[in-house]
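Have a look at the structure first.

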Amino acid sequence: MSTDFDVCVIGSGAGGGPVALTLAEAGYSVVVLEKGPWLRETDFCKDEIAATRRSTYTPNLRDERHVLEQQDNGVWQAESTFSSGWDFWNGNLVGGATNLMSGFFHRMKPVDFRLRSDLGPVEGGNVVDWPIQYADLEPYYDRVERRVGVSGRVVPHPHQEPRSSPDFPYPPTVEHPVAAHIDRACRDLGYQPLPVARAILPFAALGRDGCAYTDFCGSYGCSTGAKGSSRAALLDQAVRTGRCEVRPRSMVTRLLSDQQGRVEAVEYRSGAASMPGSTLSPASPSRAPGCCCCPPGQGTPAGSPTASGR
Ligand SMILES: Cc1cc2nc3c(=O)[nH]c(=O)nc-3n(C[C@H](O)[C@H](O)[C@H](O)COP(=O)(O)OP(=O)(O)OC[C@H]3O[C@@H](n4cnc5c(N)ncnc54)[C@H](O)[C@@H]3O)c2cc1C
């Protein structure tokens with residue numbers, strides 16, 4: 001693959017994967033810089049301690065500290081994420097946290113876009129309506145459900161959002177027997193249970209295997225590819241176009257911008273932390289400040305990013 005790219009996407013999770021695939025399919029050359037390793041189905045195991053108690057798939061908080069601010073008796077206190085002892089829901093690997101998600105794949109409801117108009121202001125809050133409506137996003141929900149491989153069943157329900165397709169592209173995964181008891185209890189209490197959409201393939205499709213029902217799903221990488229992670233469902237396809245290169249273990253450390261604040265280059269460290277980093281710099285930088293990825297024509301380097309030791 002050429003080292004000239006139209007677009008540089010930083011991070012390969014739920015945000016980066018769709019952008020990389022869409023642009024690669026539209027004919028642009030894309031490089032994805034991802035700080036974590038590129039693990040595949042055969043690399044994942046159902047080791048509870050490794051997956052949920054150690055930094056196997058999550059960033060090591062000793063190396064990647066962030067500031068946490070919490071109120072204690074009305075006073076804001078700052079401490080590092082490392083000393084907090086907290087666990088965080090994120091993923092440090094190609095595909096990001098989507099490898100570890102449970103795959104509950106809800107659409108937002110029309111009311112979610114009009115909270116201010118429909119439900120009114122909240123004292124002390126700054127609730128506003130979205131600038132777009134559910135109807136604007138609906139075709140994209142539909143497209144994502146097909147690309148990711150979402151399973152479920154649409155049932156009559158008072159809160160069912162409008163859909164352009166009558167049902168989910170795949171039937172629901174097999175339910176745990178306990179679910180029937182919970183459904184019954186809900187109905188007894190006057191609630192209306194419904195099957196939850198999952199980004200999990202119930203059988204082999206889209207070049208991936210179906211669910212193996214191992215009972216270890218959320219927090220674990222999927223060893224069959226049934227889970228519609230950004231890696232399995234999107235990035236693998238992006239790479240197959242021949243126009244997308246994923247660079248794992250490439251941690252972006254700085255965005256270098258010009259006088260106008262437009263990013264000219266991305267500085268990143270590849271491999272182990274002690275290795276020298278590299279810089280991807282566009283020949284003609286012109287992109288909006290603050291974004292992590294930008295489509296051609298809106299400022300991304302349409303020129304020749306060059307990797308140089310730094
Ligand atoms: C255990 C678990 C269960 C979940 N269950 C669900 C669920 O059922 N339903 C649901 O909708 N959501 C679920 N989520 C949440 C969902 O996975 C996240 O909301 C979503 O992945 C966030 O997308 P993102 O792109 O912001 O971040 P991520 O998906 O985490 O992707 C960010 C990527 O950027 C990389 N990165 C960060 N900084 C840099 C840098 N400087 N240089 C290079 N790369 C970088 C990271 O390593 C990561 O790969 C779950 C998450 C977890 C952890």
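## Around the ligand

A residue counts as near a molecule if its C-beta atom, placed from the backbone, lies within 6 Å of that molecule. Keep in mind that this is a predicted model. Here, 27 residues surround the ligand. The closest are Gly 11, Gly 13, Ala 14, Gly 15 and Gly 96.

What does that shell look like by class? There are 15 polar residues, ten nonpolar ones and two charged ones. Gly goes into the polar class in this scheme.

## The chain overall

The chain runs to 310 residues, and buried residues make up 30% of them. As for secondary structure, you'll find seven helices and nine strands.

Now for the contacts between residues at least 6 apart in sequence: 59% of these join residues at least 24 apart.

Which values does phi take at Asn 73 and Tyr 213? Asn 73 has a phi near 55 degrees, and Tyr 213 has one of about 50 degrees. Both values are positive, and neither residue is a glycine.

Asn 73 sits in the loop between β3 (67-72) and β4 (75-80). Is this residue buried or exposed? Asn 73 has 5 other C-beta atoms within 10 Å, and the cut-off for exposed is 12 or fewer, so it counts as exposed.

Tyr 213 belongs to another loop, the one between α6 (177-188) and α7 (230-240). Tyr 213 has 14 C-beta neighbours inside 10 Å, which makes it partly exposed.

How values were computed:
Residues are numbered from 1 along each chain as its sequence is written. This is a predicted model: local features need pLDDT of at least 70, side-chain atom pairs count only at pLDDT 80 or more; totals for chains, interfaces and linings use all residues. Helices (H or I, at least four residues) and strands (E, at least two) are DSSP runs, numbered from the N terminus. A residue is buried if 20 or more other C-beta atoms lie within 10 Å of its own, exposed if 12 or fewer, and partly exposed in between; C-beta atoms are placed from the backbone. Two residues are in contact if their C-beta atoms, placed from the backbone, lie within 7 Å.
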